[in-house]
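Visitor: I would like a close look at one part of this structure. Please take me through the sheet, and then through the contacts that tie the chain together.

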Amino acid sequence: FNECAELADVYRSLDPESFSPFTLDTPYKLVGTVQKHFDRAMTVSGLVNVLTRFLARRVYWAVRGYEKSRHGYVAADEARMLYRRWRDGRRFSKGGLARLADMDGTRFIFFPLATEPETSLQQFSPEFFFQHAAIAALSRDLPAGVKLVVKESNVAVGRRPDNFYDQISELKNVVWMDIQEPGFAVAKNADAVAVITGSTGFEAAIVGTPVISFGVHNSYNMLPHVVHVTDLARTGEAVSYVLSGAIDRRAAAQAGAAFVKAVIDTSFDLANYDYVDLESYDKSTVCAACDALENSLGVSFGSSRQNYQVAVTG
């Protein structure tokens, strides 16, 4: 579950009041990388390109006599999926939906949709991964005048079941956010963020935005401005609390800054490794990982750095 046994202890050893509120001005690097690919794919030429590549691949499979060209991969279904991804992506990114500026003067809770099926949802939250149920419960328990802003993930478009979007749209206090709007910016301006898992909940928690967390294993559940919901019937209690004004946003941001310090103190530097370029690691990355593993286990794999590299990569 990406949990760290030492994180809570390190966080509790810190004094949040000694930290300046944490600021977050830009999203993490992968967001920009994915967004560029998405923008290109949502053009008409992008659709033509992906369908052309799909057709060429199918012809190649047939010419080579690959088994998958005859069984298991239905060409018509795959083509419809590619078109559905393009259609839904344009639906959420080509105007007509709310932008962050449109929410000025309106109180709202932000629910960013997670991609599914996906490790970060089903694997990290096996106890609860029902996004539609969470949205319905939040919508049910919102007070009059408060909106629930829902934003699709650009990686998830085209994957949802039929009528998924229509069912959510039937909830009259739900507002769909334009997919181009940076999620971290929406989170910073929301009255609260509601998530099952995902980076948006982490980003909200560290800048002091109150969080309603439906996931058991979110590392930031320990923070005082994060409310962990274990029973959908009690969602209203969490909603009432995060909207009540009882949470001091400055103190919450200080707690978020202390939490970031605890995360850093229980982490190690991966040197030149770039998680966008998965081939970017070098010997220093391997050594850093091996040192951290040794420290956490209280054992030694050997005295030489060369042995570390052989042990990890061999």
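Guide: Start with a term. A salt bridge is a side-chain nitrogen of Lys or Arg within 4 Å of a carboxyl oxygen of Asp or Glu. Keep in mind that this is a predicted model.

Arginine 107 and aspartate 191 form such a salt bridge, with their closest N and O atoms 3.0 Å apart. This pair links distant parts of the chain, 84 residues apart. Arginine 107 lies in the loop between H4 and S1. Aspartate 191 lies in the loop between helix H8 (183-189) and S4. Arginine 107 is partly exposed, at 37% relative accessible area. Aspartate 191 has a relative accessible area of 18%, so it counts as buried, since buried means under 20%.

Now follow the strands named there. Strand S1 (residues 108-112) and strand S4 (residues 192-195) run parallel, joined by 2 bridges. Within this pair, isoleucine 109 stands opposite alanine 192.

Step back to the sheet. It is open and has 6 strands, in the order S3-S2-S1-S4-S5-S6, with parallel pairing. S3 and strand S6 (226-228) are the edge strands, and each pairs on one side only. From one strand to the next, the twist averages 25°.

Strand S2 (residues 147-151) runs parallel to S3, and 4 bridges join them. Here valine 149 stands opposite valine 175 of S3. S2, helix H7 (residues 164-169) and S3 make a right-handed β-α-β unit. Strand S3 (residues 174-177) is covered on both faces. Val174 and Trp176 are buried on one side, Val175 and Met177 on the other.

Next, the helices. Helix H9 (residues 199-207) packs against helix H11 (residues 249-265) at an angle of about 115°, with the axes 5 Å apart. H9 brings Phe202, Ala205, Ile206 and Val207 to the contact. The contact residues divide into 9 nonpolar, 1 polar and no charged.

Finish with charges again. The whole structure holds 13 salt bridges. One of them joins arginine 58 and glutamate 78, at 3.7 Å from N to O. Arginine 58 sits in helix H3 (residues 44-64) and glutamate 78 in helix H4 (residues 75-93), 20 residues apart. Arginine 58 is buried, at 12% relative accessible area. Glutamate 78 is buried too, at 18%.

Technical notes:
Residues numbered from 1 in each chain as written. Predicted model: local features only at pLDDT ≥ 70, side-chain atom pairs only at ≥ 80, totals over all residues. Heavy atoms only, no water. Buried < 20%, exposed > 50% of the residue type's maximum accessible area, 1.4 Å probe, protein only. Pairing = 2+ DSSP bridges. Right-handed = clockwise from strand over helix to strand, strands pointing away. Axes fitted to C-alpha atoms, helices over the stretch in contact; angles between N-to-C directions. Contact = heavy atoms within 4.5 Å. Nonpolar A, V, L, I, M, F, W, Y, C, P; charged D, E, K, R; others polar.
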